[in-house]
Amino acid sequence: MSKPVKGAIDQDLRNPVRDRHRVVIIGGGFGGLFAAKFLRTASVDVTLVDRTNHHLFQPLLYQLATGILSEGSVAPPLRQVLRKHKNVRVELANVTAIDLLGKQVVAEPPLGPPVTLEYDSLIVATGATGSYFGHDEYAAVARGLKSIDDALELRARIFGAFEMAELTEDPIERRAWLTFAIVGGGPTGVEMAGQIVELARRSLKGNFRNIDPADARVLLFDGGDAILSSFGTKLSAIAAGSLERIGVEVRTQSRVTNVTDRDITVDGPDGIDAIRCHVKVWAAGVSASPLAALLAAASGAGKDRAGRIEVLPDCSLPGHPEVFVIGDMMSLNNLPGVAEVAMQTGIHAAATIKRRVKSGGSSHDFVYRDLGSMASISRYSAIVDFKGIRVSGLLGWLMWVFVHLAFLTGFKNRFIALAKWVGAFVGRSRDERTISMLQASARVIAASLAVRPGEEDLTRLIEREGDA
Ligand SMILES: Cc1cc2nc3c(=O)[nH]c(=O)nc-3n(C[C@H](O)[C@H](O)[C@H](O)COP(=O)(O)OP(=O)(O)OC[C@H]3O[C@@H](n4cnc5c(N)ncnc54)[C@H](O)[C@@H]3O)c2cc1C
């Protein structure tokens, strides 16, 4: 018979009393999932807790928001991904507290009372959230792009905007519906801008009778001197040139000073400009998951400006060698918040735990292998920076396709993505355009219309759909 684990107090099913080392992983993103997978062959029991049921491939979220891919192909269920990992148990719950001294995690499942999960080793990988730089009121009108819900909401707003433009007879309103503002010239902002333009100019061609979707304006704002500045001056200039060629208005040194449901105000080189537009995408700034602040307060660990926890060189929490903080919520050697850092720190933490359980071995410093970075601009155009080798255009885009297919989880999802890309980029199709005027998101769009004279059409349309 197995010996009870020292300190085990909870006899419920979630905390079986065994002599196996218990690992709790919070978060099934890139960091948490790679850690769980690595522990498959370790003599440990793993509980992976996530507040969603899926592993989200965030780098392709913009393709969900612009109708290229479906949610299933970028967010496979964690249970499915880990079904063959017999030592891993997946829990759907929101972690609200961590007791470092008692070695317990408190999680709130969608049903029933909070549960307590005991651990011998803990990996915290809850990532980051969007940051509005102290203006959280912008969130309702300028949606960020961090989750499936964000992407589906943006998809409804983007495709809904073309519908509203088709409906309204007021030319000023039509212009406002056909103006899309993207805040933040990093990879997410650039990818969104490129895809909205391609959608308007290629995919929606011939779909409407009262408007020409190609009249859409896509504005990309960045407060700095250049977009994609982390890629260096040359690639950044190539990206800006490519975007402008396909029709994106790139506005650098332009700081957004106000956002409402009807307009966006920007302080740029030519002064203050208030632009009428209904669809805004917030792709600027991130801050660490709230669990980072909680852990920092409990352990005394420092935080950086983005709220990320300053960990020790082996990714552990100061004073708590059994707790690892990894990925986007970790601050170490100025490493960027990218998928590769999350995956590698996840594997590093898991390898340390496996070694300790097997032989009591010591931990090693984390060494990052930089595999470069890339951003897609539009079809057949991407920029890639790999150890100083800089590639752009079609070759960059082919590299982008290869890398994203390689890292997308699941063979079927890779196959589907490839087929959709052929359809969208070689052809013009966007299959994932389904929106309903009864969706809450469409109501958000409707709210700004309904109050204006001459635009009762949408309200009537909603009522008609509701009656049907
Ligand atoms: C739109 C977008 C595009 C990107 N493009 C790229 C790119 O092209 N290349 C690149 O390298 N990186 C890219 N990134 C960054 C990359 O996705 C992140 O660096 C990576 O996902 C970080 O992994 P993580 O495991 O730290 O966190 P995440 O992947 O964010 O995972 C965190 C997990 O924790 C869960 N969670 C959070 N809080 C709780 C809680 N309290 N309780 C339970 N579960 C919780 C979440 O549901 C989530 O599953 C992009 C990010 C975004 C948003």
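Let me start with confidence. The mean pLDDT of the protein is 90, and 89% of its residues reach 70 or more. This is a predicted model, and two stretches in it call for caution. Over residues 450-468 the pLDDT is below 50. In the model, that stretch still has 21 contacts beyond near neighbours in sequence. The other stretch is residues 1-11, where pLDDT also stays under 50; here the model has 15 contacts beyond four places in sequence. Where pLDDT is low, the predicted coordinates should not be read in detail.

Now the ligand. Which residues come nearest? Of the 33 residues around the ligand, they are G27, G29, G31, G127 and G327. Several elements give two or more residues to this shell: helices α1 (30-38), α7 (187-203) and α10 (339-359), and strands β2 (44-50) and β4 (94-99). By class, the shell has 14 nonpolar residues, 14 polar and five charged.

Is N258 buried, exposed or partly exposed? A residue is buried with 20 or more other C-beta atoms within 10 Å of its own, and exposed with 12 or fewer. N258 has 14 C-beta neighbours inside 10 Å, so N258 counts as partly exposed. In sequence, N258 and A274 are 16 residues apart; in space, they are 8.7 Å apart, C-alpha to C-alpha.

How values were computed
Residues are numbered from 1 along each chain as its sequence is written. This is a predicted model: local features need pLDDT of at least 70, side-chain atom pairs count only at pLDDT 80 or more; totals for chains, interfaces and linings use all residues. A residue is near a molecule or strand if its C-beta atom, placed from the backbone, lies within 6 Å of it. Helices (H or I, at least four residues) and strands (E, at least two) are DSSP runs, numbered from the N terminus. Ala, Val, Leu, Ile, Met, Phe, Trp, Tyr, Cys and Pro count as nonpolar, Asp, Glu, Lys and Arg as charged, and the others, Gly among them, as polar. pLDDT is the predictor's confidence in each residue, from 0 to 100. Two residues are in contact if their C-beta atoms, placed from the backbone, lie within 7 Å.
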